[in-house]
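These are my notebook entries on one structure.

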Amino acid sequence: MLKIEHLSKSYDPTKPPILNDFNLDVGPGEFVSLLGPSGCGKTTALRIVTGLLEASGGEVFMDGQPSTGPSREKAIVFQGFNLFPWRTALSNAAYGLELQGVKKKARTAVAAEYLQLVGLGDRMAHYPSQLSGGQQQRVGLARALAIKPKLLLMDEPFGALDALTREQLQGMLMRICADHGLSVLFVTHSIDEAIYLSDRIVVMGVNPGRVLRTFDVGLRKPRYEYDWRGEAEYVRLRAEIWALLQSQIAPVEAAA
Amino acid sequence: MTTHAAGVAPPDARLAPRPRLRAVLTAPWLLRTASLAAFLVAWQLIGKSHPLAISYPTAIVEAARESFRPEILPAFGETLKGLAVGFGLSIVLGIPIGLLMGRSRIVELALSPYVNALYATPRLALVPLLVLWLGISFEMRVGIVFISAALPIIVNTYLGTKEVNPDLVDTGKAFVASELQIYRGVVLRGSLPFVFAGLRIGLGKGMIGTVIAEIMTSAGGVGNLIVDYARYFRIADMFVVIVLLGLVALAISWVMRAVELSLTEPWNRRPWKVNPLRRTKAARS
């Protein structure tokens with residue numbers, strides 16, 4: 001599905017690159033998280049895959065074809081929601097289809113279907129300013145799903161939400177991913193969020209931004225059906241990832 | 001507001017309802033009407049004793065009846081035709097120029113010296129030059145309205161594009177919007193409140209420009225009529241023109257405001273009146 005080879009990005013040649021020799025595969029139906037401290041290049045990598053940023057080196061492939069710009073096969077959900085304030089929830093959710101030239105009746109039907117799916121069936125005529133953060137991000141998710149992408153890109157989508165809302169949306173996302181067989185590349189700095197959602201976790205380090213280690217998450221799915229934090233696998237994974245991330249944060253603090 | 005039950009005494013004397021008479025006497029509509037009536041009566045009394053210098057309301061109504069069809073209406077037609085064409089041209093050219101300046105660094109660098117210089121120049125100083133180039137003609141009227149109105153429209157649109165959240169432009173790109181779709185659907189849409197501020201300023205400047213040019217050059221139209229009336233001491237007729245001019249300007253800006261609201265409400269509400277559904281609790285506490 002998605003293949004990233006030797007990706008690099010740097011703005012200033014005198015400093016270590018933001019991203020150095022980054023390699024990644026995401027298979028069909030696979031949920032992969034990029035996990036790391038600020039400055040590890042995880043968001044940069046995601047923006048390059050989305051096509052919003054040009055790489056300094058390396059290549060991105062979708063189904064074997066080089067992918068350089070934005071395309072209909074990929075849809076992104078942003079950390080800051082990025083809904084258009086002048087559009088209703090329904091019209092925001094239909095945005096991608098509108099750009100593709102889908103007729104109004106058809107795109108409205110699809111958008112409404114996905115708003116129902118994310119539990120906003122009764123808020124379709126509301127403007128973003130009338131919705132809570134969690135509701136806005138539901139619209140953001142519906143907008144991404146409505147174009148029926150092969151790959152869903154998520155840039156810390158729940159980072160701006162309160163803890164309870166975050167958990168609720170994580171569960172919803174998991175259910176939707178399982179039902180629709182979505183492939184997801186997910187950026188986060190929360191160890192728990194990564195373990196809960198992912199099949200695979202790519203832990204990244206700073207200076208330069210690079211892959212430190214990849215973890216397979218062996219917890220059975222669906223994880224919303226049991227207390228996954230009570231499993232030995234969770235405890236082991238969390239401890240290992242935490243120790244690895246500490247090694248990335250500590251030197252920065254010592255330097256400062 | 002009406003939550004006090006009949007039997008419950010207000011907790012604080014300052015919250016007690018004001019006496020009814022005082023509430024009626026201080027109602028805004030009453031104050032406005034009274035003020036206007038007092039002004040008209042005073043004008044009538046003072047004007048009657050100096051009819052040649054300041055005229056008075058009943059004489060103005062009489063003058064309106066006599067001069068409206070043969071003189072005033074044609075003059076307004078002429079002025080408004082130039083204004084409509086010049087203002088239309090300012091919109092059609094001004095908004096795209098402002099958008100381009102906001103989106104393209106090259107266009108911004110290339111045009112901003114001219115735009116800034118012209119914006120700061122009192123553009124009525126260009127009237128004699130335009131007369132020299134275009135003669136006393138319809139084109140000259142259009143030209144004057146254009147230089148007066150286009151610059152505020154360009155500058156406001158340009159400033160508006162800078163207020164558009166760049167993340168929304170990225171969102172458009174990520175969902176594979178064409179450059180035109182980004183201009184129309186994101187940048188222009190997001191700048192609309194600024195664009196309309198520019199249109200309102202531009203319309204005012206355009207009206208001033210065209211009337212002043214008519215006064216300066218005997219090019220016909222409303223400005224010219226005012227000068228003619230003044231020359232023959234037809235003060236009452238002059239007031240008819242001035243009042244009508246004000247009413248026309250008011251009507252146009254009212255229509256523009258209505259268009260603006262239909263395009264920018266309800267999303268562009270100010271924070272303190274966002275969504276009544278969501279604000280009620282906060283307002284009560």
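Entry 1, domains. I found chain A divided into domain 1 (2-73 + 150-255) and domain 2 (82-148); the bounds come from an automatic or database domain assignment. The model is a predicted one, in which local features need pLDDT of at least 70 and side-chain atom pairs count only at pLDDT 80 or more, while totals for chains, interfaces and linings use all residues. Residues are numbered from 1 along each chain as its sequence is written, and chains are lettered from A and ligands numbered from 1 in the order in which they are written.

I computed 25 Å between the centres of domain 1 and domain 2 of chain A, taken over C-alpha atoms. Nine residues of domain 1 of chain A are in contact with eight residues of domain 2 of chain A, a contact being two C-beta atoms, placed from the backbone, within 7 Å. Helix α6 (residues 163-180) of chain A gives the largest share of the domain 1 side, four residues. I sorted that side into seven nonpolar residues, one polar and one charged. Here Ala, Val, Leu, Ile, Met, Phe, Trp, Tyr, Cys and Pro count as nonpolar, Asp, Glu, Lys and Arg as charged, and the others, Gly among them, as polar.

I counted eight helices and ten strands in chain A, where helices (H or I, at least four residues) and strands (E, at least two) are DSSP runs numbered from the N terminus. The radius of gyration of chain A is 18 Å, close to the 18 Å that the globule rule gives for 256 residues, so chain A is as compact as a globular protein of that length. The radius is taken over C-alpha atoms, and the rule is 2.2 Å times the number of residues to the power 0.38. Buried residues make up 45% of the 256 residues in chain A. A residue is buried if 20 or more other C-beta atoms lie within 10 Å of its own, exposed if 12 or fewer, and partly exposed in between, with C-beta atoms placed from the backbone.

I traced an open sheet of six strands in chain A, ordered β6-β7-β8-β3-β9-β10, with mixed pairing; two strands pair if DSSP finds at least two bridges between them. β6 (74-77) and β10 (210-216) of chain A stand at the edges with a single partner strand each, so one side of each has no neighbour in the sheet.

I then followed strand β3 (residues 31-35) of chain A, where five of its five residues are buried. A:Phe31, A:Ser33 and A:Leu35 point one way, and A:Val32 and A:Leu34 the other way. β3(A) runs parallel to β8(A), joined by five bridges, and A:Val32 stands opposite A:Leu185. Four bridges join β3(A) to the parallel strand β9 (residues 200-205) of chain A, with A:Val202 as the bridge partner of A:Leu34.

Is A:Leu131 buried or exposed? I found 22 C-beta neighbours inside 10 Å, so A:Leu131 counts as buried. A:Leu131 is in the loop between α4 (104-117) and α5 (133-146) of chain A. Not counting residues up to four places away in sequence, A:Leu131 touches A:Ala89, A:Arg123, A:His126, A:Gln136 and A:Val139.

I noted 18 residues from chain A and 16 residues from chain B in the contact. Helix α3 (residues 95-99) of chain A supplies the largest share of the chain A side, three residues.
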